[in-house]
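Dear colleague,

I am passing on the structure we spoke of, and below it you will find an account of what turned up when I went through it. Please read the account with the coordinates open beside it.

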Amino acid sequence: GEVKQLHRTAYHFQPPQHWINDPNGPMYFNGLYHLFYQYNPKGSVWGNIVWAHSISKDLINWEALPHAIFPSKPFDVNGTWSGSVTILPGNRPVILYTGLDNDKRQIQNYAVPANVSDPYLREWLKPDDNPLVLPGSDMNASQFRDPTTAWWHGGHWRMLVGGKRKHRGMAWLYRSNDFKHWVKAKHALHSASKTGMWECPDFFPVSLHGKNGLDTSKVGEDVKHVFKVSLDETRYEYYTVGKYDPEGDIYLPDNTSVDGRDGLRLDYGNFYASKTFFDPSKNRRILWGWANESDTADDDTAKGWAGIQAIPREVWLSPDGKQVLQWPVAELETLRGQKVDLKSIQNMIPGKLVEVKGITAAQADVDVTFSLASLDKAEEFDPNWEKLDAESVCALKRSHVQGGVGPFGLATLASQNLEEFTPVFFRVFKTKDNKHKVLMCSDAKGSTLRPFDIKQYRPSFAGYVDVDLAAEKKISLRSLIDHSVVESFAAGGKTCILSRVYPTLAVNDAAHLFVFNNGTEPVSVQTLSAWSMSPPKLMNQNLNF
Ligand code: DQQ
């Protein structure tokens with residue numbers, strides 16, 4: 001019914017019904033993109049997990065295919081969990097995935113296309129010589145999963161499997177010369193104390209020069225590597241940038257990035273179990289991530305679905321080499337329809353709101369650049385906040401709290417009189433040593449009039465943006481707004497935040513979009529373009545659901 005569908009997304013990837021989680025085995029193969037994902041064919045909570053399968057020519061319009069992998073063999077009868085694709089020489093794709101066997105041990109299996117000349121690779125076989133890898137007797141067999149795409153160097157394939165030893169997160173390393181016989185390396189590729197189970201590790205090279213993506217096996221002087229994990233205990237991801245030596249299989253994070261809770265995040269919001277792949281057709285690396293619901297399981301049962309995939313993002317190394325940058329794939333722009341431009345709004349004073357009219361504000365893409373004359377009025381950064389994460393600082397300094405430089409930004413999914421809205425905004429602080437800290441927030445606290453239920457999740461998501469605003473005097477923000485998701489990219493993709501929200505008034509045509517300033521320093525909108533977004537074409541949606 002209509003009410004049920006109120007918060008369904010229009011252009012984010014989601015099947016017609018039921019639960020989804022991690023993106024699995026994304027790849028480009030013979031002209032098509034394949035996305036597999038963890039899916040419950042029987043309901044809108046996690047369980048009965050299969051690998052659902054969809055294909056696309058452009059990462060935007062999708063055709064659903066029959067489930068590729070589902071429990072059927074002794075080596076996966078209790079689960080077909082996350083994994084990756086590697087394309088072997090001779091253009092032969094292989095899936096590595098985690099099966100839960102008869103004893104519920106987590107083991108690593110492989111699957112191959114039943115017919116590699118089927119352009120859609122509809123059917124996948126799980127040969128009887130599975131599993132490929134069993135947990136060692138000294139390893140925790142219920143914490144051993146999510147094999148990565150393998151890479152090739154010096155006569156051996158390597159892959160990682162996530163795990164944990166005591167409370168240490170582990171990226172176990174395995175080697176093979178034939179992709180069949182895998183041997184655990186003496187040393188894990190990487191591990192970190194007090195981080196708990198490492199789910200969905202991802203390890204990939206990035207070029208030191210420019211945006212081009214690299215094949216997963218690329219090594220050399222002109223590349224760095226990115227190592228990402230999903231922390232089961234905190235449900236967030238972090239990554240490090242570092243140097244990988246393929247001879248010794250040693251990965252050393254740079255001293256500008258750290259492991260653990262202070263680590264860099266691909267996204268400071270609701271984004272998990274992410275995975276990249278190399279797209280040789282456009283020489284880019286693409287990142288997919290899962291955005292869980294933040295309402296309750298009862299809400300999900302009532303709506304009949306749960307979970308979306310974030311918009312696929314191109315990912316590359318920032319010119320300073322310290323972090324990655326991310327940007328929605330260019331193909332998303334094919335969905336842009338009606339466009340409005342706000343030309344230069346000068347000097348918005350505190351409390352100023354300007355509505356962006358003429359687009360479908362519940363289903364939009366908006367790109368804005370703010371400029372400021374000076375940072376002199378920036379608020380002091382309380383030294384005690386050094387101990388807090390960005391999210392806690394945002395929770396203390398929400399958008400209604402007037403500041404010096406900022407808060408300024410977008411009020412998305414807003415009801416006409418702002419009873420509900422999800423602000424995405426910046427606030428600039430001055431630290432004791434006269435530096436500036438730029439905080440980006442995506443605050444779900446006031447996003448809905450629904451009474452707060454302890455099982456819901458309405459965080460004031462936030463991250464810092466590594467920009468020299470004193471020199472640049474401007475900052476950009478792009479937000480992809482899609483009914484129950486606001487996915488935002490600051491400063492060209494330096495800091496990204498995805499929020500899930502469930503407005504009651506700000507729905508469909510009753511949703512509004514505003515720009516605002518609530519700081520004493522006047523802020524100008526240099527440029528603002530916003531587009532109504534059309535829904536993509538989805539085929540065969542009911543084939544196997
Ligand atoms: N989801 C999968 C696991 C993975 C977790 C199970 C991460 O393989 O560790 O659905 O969300």
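I begin with a loop residue: Lys 194 sits in the loop that connects strand 14 (190-192) with strand 15. Its phi is near 55 degrees, a positive value in a residue other than glycine. Because Lys 194 has 12 C-beta neighbours inside 10 Å, and 12 or fewer is the criterion for exposure, this residue counts as exposed. Please bear in mind throughout that this is a predicted model.

Is Leu 413 buried or exposed? It counts as buried, because 32 C-beta neighbours lie inside 10 Å of it, where 20 or more are required. Strand 29 also holds Pro 407, and the peptide bond that joins Gly 406 to this proline is cis, with omega about 5 degrees. Another cis peptide bond runs from Asn 130 to Pro 131, with omega near -5 degrees; Pro 131 is located in the loop between strand 8 and strand 9 (144-145).

Leu 413 comes up again in the nonpolar core. The largest such core has 149 residues, and Leu 413, Leu 439 and Ala 462 are those with the most contacts inside it. Strand 29 (residues 405-414) gives the largest share of this core, six residues, and at least three residues are drawn from each of domain 1 (12-328) and domain 2 (332-533). If neighbours within four places in sequence are set aside, Ala 462 is in contact with Tyr 268, Ala 390, Glu 391, Val 393, Cys 394, Leu 439, Met 440 and Cys 441. As general background, nonpolar side chains in soluble globular proteins tend to be buried together.

As for the two domains themselves, the domain assignment places domain 1 at 12-328 and domain 2 at 332-533, and their C-alpha centres are 31 Å apart. The contact between them takes 23 residues from domain 1 and 29 residues from domain 2. On the side of domain 1 that touches domain 2, strand 24 (residues 324-328) supplies the largest share, four residues, and the composition of that side by class is eleven nonpolar, eight polar and four charged residues.

The surroundings of the ligand may interest you in particular. Which residues are the closest to it? Among the 14 residues that surround the ligand, the closest are Gln 38, Trp 81, Ser 82, Glu 199 and Ala 273. At least two residues of this shell come from each of strand 1 (18-29), strand 5 (80-88), strand 15 (198-207) and strand 19 (272-279), and by class the shell has five nonpolar, five polar and four charged residues.

Strand 19, one of the strands that supply this shell, is joined to strand 20 by six bridges in an antiparallel arrangement, with Asp 279 opposite Arg 284. The two strands form a hairpin with four residues between them, and Asn 283 in its turn has a positive phi of about 45 degrees. Strand 20 (residues 284-291) is mostly covered, with eight of its eight residues buried: Arg 284, Ile 286, Trp 288 and Trp 290 are on one side, and Arg 285, Leu 287, Gly 289 and Ala 291 are on the other. Strand 20 is also antiparallel to strand 23 (residues 313-317), over two bridges, where Leu 287 stands opposite Arg 313, and to strand 22 (residues 308-309), likewise over two bridges, where Ala 291 stands opposite Ile 308.

Two further pieces of strand pairing complete the account. Strand 5, another contributor to the ligand shell, is an edge strand, as is strand 8 (124-125), of an open antiparallel sheet of four strands in the order 5-6-7-8. Elsewhere, strand 3 (residues 50-56) and strand 4 (residues 62-69) run antiparallel and are joined by four bridges, with Ser 54 partnered by Ala 64. They form a hairpin with five residues between them, in whose turn Leu 59 has a positive phi of about 70 degrees. Strand 4 pairs as well with strand 38 (residues 538-539), here in the parallel sense over two bridges, and Glu 63 stands opposite Met 539.

With best regards

Conventions:
Residues numbered from 1 in each chain as written. Predicted model: local features only at pLDDT ≥ 70, side-chain atom pairs only at ≥ 80, totals over all residues. Core = buried A, V, L, I, M, F, W, Y, C linked by C-beta atoms within 7 Å. Domains from an automatic or database assignment. Contact = placed C-beta atoms within 7 Å. Nonpolar A, V, L, I, M, F, W, Y, C, P; charged D, E, K, R; others polar. Near = placed C-beta within 6 Å. Pairing = 2+ DSSP bridges.
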